[in-house]
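Please read this short report alongside the sequence and the model. It goes from the whole chain to one residue.

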Amino acid sequence: MNKDFDQFMSQLQETNQTLDFFCDFDKISANVADVEMSLNTLNYLIGKDDLAKGVSEIWMRDRKVFEVLGILIAVRDEGKKPVVDSRGNVVLLKSYFGSETKVVEFLQETGLASIFKSRRIKNLVDYVFGIETGLDTNARKNRSGHIMENTVSKIFKNSGIKFRQEVYSSEFPELAVLGADEKRFDFFIEVSGMKYLIEVNFYSGGGSKLNEVARAYTELAPKVNSVRGFEFVWITDGVGWKSARNKLEEAYHTIPSVYNLTSIYTFIEHLNHVKALL
């Protein structure tokens with residue numbers, strides 16, 4: 001078993017990031033499109049010497065335009081973002097968009113007024129596209145998990161394995177052993193009456209979460225496997241596990257079915273074998 005685990009560790013991949021991992025341009029474009037008309041109106045302020053007059057002219061036509069100002073400083077949820085104003089009071093950021101004078105104060109105190117006046121920004125739509133691209137990097141952590149799911153999905157499809165994704169334990173009355181909390185599994189495969197509940201993840205970096213995940217699955221697997229006709233399967237990869245080797249090894253020896261992106265084909269061979277027994 002030790003040799004098998006050593007082999008498992010040696011197979012872990014450094015990354016699962018493809019080029020489309022870094023930026024979700026469809027989402028970025030959609031976010032910009034939502035505010036594009038307002039941004040085009042605010043372009044009127046670029047190069048204005050008398051900013052207050054420009055704000056007043058826009059305010060008279062459509063004051064709602066200023067509700068998008070938060071994104072110009074890379075803030076999305078203005079309604080929940082507290083800031084300290086020039087008088088030392090804690091106020092919500094959105095309070096700056098309720099009057100002409102507050103809008104001007106916002107532009108001046110954030111530094112946007114000088115940026116507008118000097119024309120260092122030529123077009124606010126392009127500028128916000130850049131901001132949205134930067135903000136989108138915060139979503140990379142979530143995309144890493146989705147990439148792993150997509151990778152496993154492609155492997156199953158290419159291998160002719162039928163599966164479902166995002167299946168909840170409540171679908172199976174037999175799994176009452178898991179308790180009252182509903183559990184969502186990444187994949188579900190049924191072959192010859194045997195039901196496989198599958199979790200997948202990828203960790204390129206270390207952290208306490210890896211220990212928590214290994215511990216959780218070490219507790220979950222025996223419960224699932226105790227129910228006749230069910231088996232828990234864990235497909236995980238990433239060199240981040242090297243920082244949590246001991247906890248992973250414990251899980252590896254407790255959970256009968258643990259695979260990585262190299263050994264996953266052993267699982268597929270097992271499924272085909274079970275299918276052939278029909």
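## Chain overview

The chain has 35 positive and 38 negative charges, whose mean positions lie 2 Å apart. Lys and Arg count as positive, Asp and Glu as negative, while His and the chain ends are not counted. Each charge is placed at NZ of Lys, CZ of Arg, CG of Asp or CD of Glu.

This is a predicted model: local features need pLDDT of at least 70, side-chain atom pairs count only at pLDDT 80 or more, and totals for chains, interfaces and linings use all residues. Residues are numbered from 1 along each chain as its sequence is written, and side-chain values use heavy atoms, without hydrogens and water.

The chain holds 10 helices and seven strands. These are DSSP runs (helices H or I, at least four residues; strands E, at least two), numbered from the N terminus.

| Chain property | Value |
|---|---|
| Radius of gyration (over C-alpha atoms) | 27 Å |
| C-alpha box along the principal axes | roughly 80 × 40 × 35 Å |
| Accessible surface (Shrake-Rupley, 1.4 Å probe) | about 15300 Å² |

A compact globule of 278 residues would have a radius of gyration near 19 Å. That rule is 2.2 Å times the number of residues to the power 0.38. Carbon and sulfur atoms own 50% of the accessible surface.

## Ser257

Ser257 sits in the loop between helix 9 (245-254) and strand 7 (258-259). Is Ser257 buried or exposed? Ser257 counts as buried because its relative accessibility is 5%; buried means under 20% relative accessible area, with a 1.4 Å probe and protein chains only. Leaving aside neighbours within four places in sequence, Ser257 contacts Glu231, Phe232, Val233 and Trp234 (heavy atoms within 4.5 Å).

Definitions and conventions:
Buried < 20%, exposed > 50% of the residue type's maximum accessible area, 1.4 Å probe, protein only.
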